[in-house]
Amino acid sequence: MKNKLRAGLTVLGVVIGIAAVTTMVSIGQSASALVQGQFAALGTNVIVVLPGSQQRGGVRQAGILTLTAADAEAIGSESRAILAVSPIVGAQGQVVFGNANWSPRDMQGVGADYLTVRNWKLQAGGFFAREEINAGAQVCVIGNTIVAKLFQTANPLNQVIRVKNIPFRVIGVLEKKGVNMVGDDQDNIVLMPFTTVRKRLQGSNFNNVNAIMVSAISPKVMDTASREIEQILYERHGIAPGEKPDFSVQDTTEIAATLGVITGTLTMMLATIAGISLLVGGVGIMNIMLVSVTERTREIGIRMAIGARGKDILRQFLVEAIILSSIGGFIGVVLGMAASAGATLLINSFSSGTDWPIIVSLPAAAVAMLFAAAVGIFFGYYPARRASQLDPIEALRYE
Amino acid sequence: MALIELRDVRRVYDLGEVEVHALRSVTLNIERGEYVALIGPSGSGKSTLMNTLGCLDRPTHGSYLLDGEEIVTMSRDQRAGIRNRQLGFVFQNFNLLNRTSAVENVELPLLYSQGISSRQRRQRATEQLQKVGLGDRLYHHSSQLSGGQQQRVAIARALVNCPAILMADEPTGNLDSKTSREVIGIFRELNETEGLTVIIVTHDPAVARNAKRTIVLRDGEVVADTHDFQRALEILNSEPVD
């Protein structure tokens, strides 16, 4: 095709289509990555292992805690799909500081990796380490609500609060997390080493825990993680396959699955809109090729007179269409990648607080390229076929 | 065996309500190395006969043997192959591709033949252009060439694949008398020195006189086939007898 302007305009149609597909899919994917990241913060990758009833001689004994801190250790060291593990030991009571007192909604004895499990951060101070847990140190980390209720404006770090008349030194303050999905204030919490809670607050010498909280490496490996946890516990508890387990594994895959559907739908919708523009680009190619065939009828006649067969003409026009759309596709992909990176940066700079990851979807780019060539073949075939079926005498006579 | 053998060739155009008999019944032989002019008034069927001989059109009746091969029963693609290998065309309006250099135009027929490398194509096209005196115009586009030069490019293109027959349809129709004589001179030379079979359709007596044999058509029939040009002219100019 030697008419540069026309070829350029034709290519432009495909460029816009392909760029739109690449950009939309890339933005859709970064949006879903962002949403997934936020849901991960809410704990979609958390698995909770709860103790179940124990069967002894046909009698089901309820309330016996079948899980131990050793189980938690084993899960943490044996499964590779797991990011962190923390035993949970429940406690209740009032906390007192000076003449202020307060009943926290949650008072939990936890392990050193609890913050990792919950994807939580500290606002100030530190967290208790393994040594403090082993020693049963009388330290605690408190949530934002507790700070407000007990200390008002005073600095809570290194102050000593009392629970059931037992002193605990405040070594850290948790970052504000707000309410959870059912409206409970998550900052109304006091965390202590689980060993301390068991010995001091419960007065128990057993190694039992109320629950084991596990976080998977990503929401995608939730199933693997759950399965591995079950295997480890079956083995440790000596339960034969098929027998009723003395624990239960609960996860939040349902939420994760719903989330996947939502973001997937979003991406599909964007891709569909972009696909329509690609279709329009394709029709543009067909239009231009049809005009081109009509305009070049005489050329086709000349080529036929000197020996071009129908398939030679067909090939010539088809190759032209494919080359045009592939060039368009290539430019479109490059443009789309740049546009999606640019759009992501723009979103990040305008809406503070969000941090959209820049994702350039390579599969989308590859599919878009292939699709561009397919558009060339599909929309180029009809005009090319019409050209190949022209009668040489009439084509030669065409003015 | 003659190079071209037409037996009772008829061409009827079916225009719905009326049938037009462009060729009524043509039977003729053309031997290898002949130089033939087809003349006749407009509507006499000479263009149809030319298209038929050139394998661009298929007769509705009869038999056409070209170099012993039956053309009538061939498929479109087979006839395209025959046009490519056996025939070279020169048209009234040159029919060169626009925005394409002279040498690329001449290469075209080789493009549609199997097994010729691009270097061979370029070499043969260049040689052919040198032969017609355009060795210094290889990369000029057709719009940069004069009518006579364009027609010489067209002749080079017609000859590049070494055809058996050169077919020219009013080759001097768009040329002035001086360049017409040059082009006719090239045809004559090709016929005499290389033994190329040349068939020219023309209404210009000066061009037709140059040929060695004249076939006169009227109303789709051959009314004269002679080596005496004066006699052909007399028949052409005489009123048809009803």
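Strand 9 (residues 139-142) of chain A is covered on both faces. Val139(A) and Val141(A) on one side are buried, and so are Cys140(A) and Ile142(A) on the other. Buried means that 20 or more other C-beta atoms, placed from the backbone, lie within 10 Å of the residue's own. Helices (H or I, at least four residues) and strands (E, at least two) are DSSP runs, numbered from the N terminus.

This is a predicted model: local features need pLDDT of at least 70, side-chain atom pairs count only at pLDDT 80 or more, and totals for chains, interfaces and linings use all residues. Residues are numbered from 1 along each chain as its sequence is written, while chains are lettered from A and ligands numbered from 1 in the order in which they are written.

Which strands pair with strand 9 of chain A? Strand 11 (residues 166-174) of chain A pairs with it in the parallel sense over four bridges. Here Ile142(A) stands opposite Val173(A). Strand 12 (residues 189-193) of chain A pairs with strand 9 in the antiparallel sense over two bridges. There Val141(A) stands opposite Leu191(A). Two strands pair if DSSP finds at least two bridges between them.

Now look at two helices of chain A. Helix 2 (residues 69-78) of chain A packs against helix 7 (residues 222-236) of chain A at about 135 degrees, with the axes 10 Å apart. Axes are lines fitted to C-alpha atoms, for helices over the stretch in contact, and angles run from 0 to 180 degrees between N-to-C directions. Asp71(A), Ala74(A), Ile75(A) and Glu78(A) in helix 2 meet Ile229(A), Ile232(A), Leu233(A) and Arg236(A) in helix 7. Contact requires C-beta atoms, placed from the backbone, within 7 Å.

Move to chain B. Six strands of chain B form an open sheet in the order 6-7-8-3-9-10, with mixed pairing. Strand 6 (87-90) and strand 10 (221-226) of chain B stand at the edges; each has a single partner strand, so one side of each is left without a neighbour in the sheet. Strand 7 (residues 165-169) and strand 8 (residues 197-201) of chain B run parallel, joined by five bridges. Leu166(B) stands opposite Val198(B) in strand 8 of chain B. Helix 6 (residues 177-194) of chain B packs on the sheet and touches strand 3 (35-39), strand 7 and strand 8 of chain B.

Finally, the two chains meet. 17 residues of chain B are in contact with 15 residues of chain A. Helix 2 (76-86) and helix 3 (102-111) of chain B each supply at least two residues of chain B's side. The largest share of that side, six residues, comes from helix 2 of chain B.

Notes: Contact = placed C-beta atoms within 7 Å. Buried ≥ 20, exposed ≤ 12 C-beta atoms within 10 Å, placed from the backbone.
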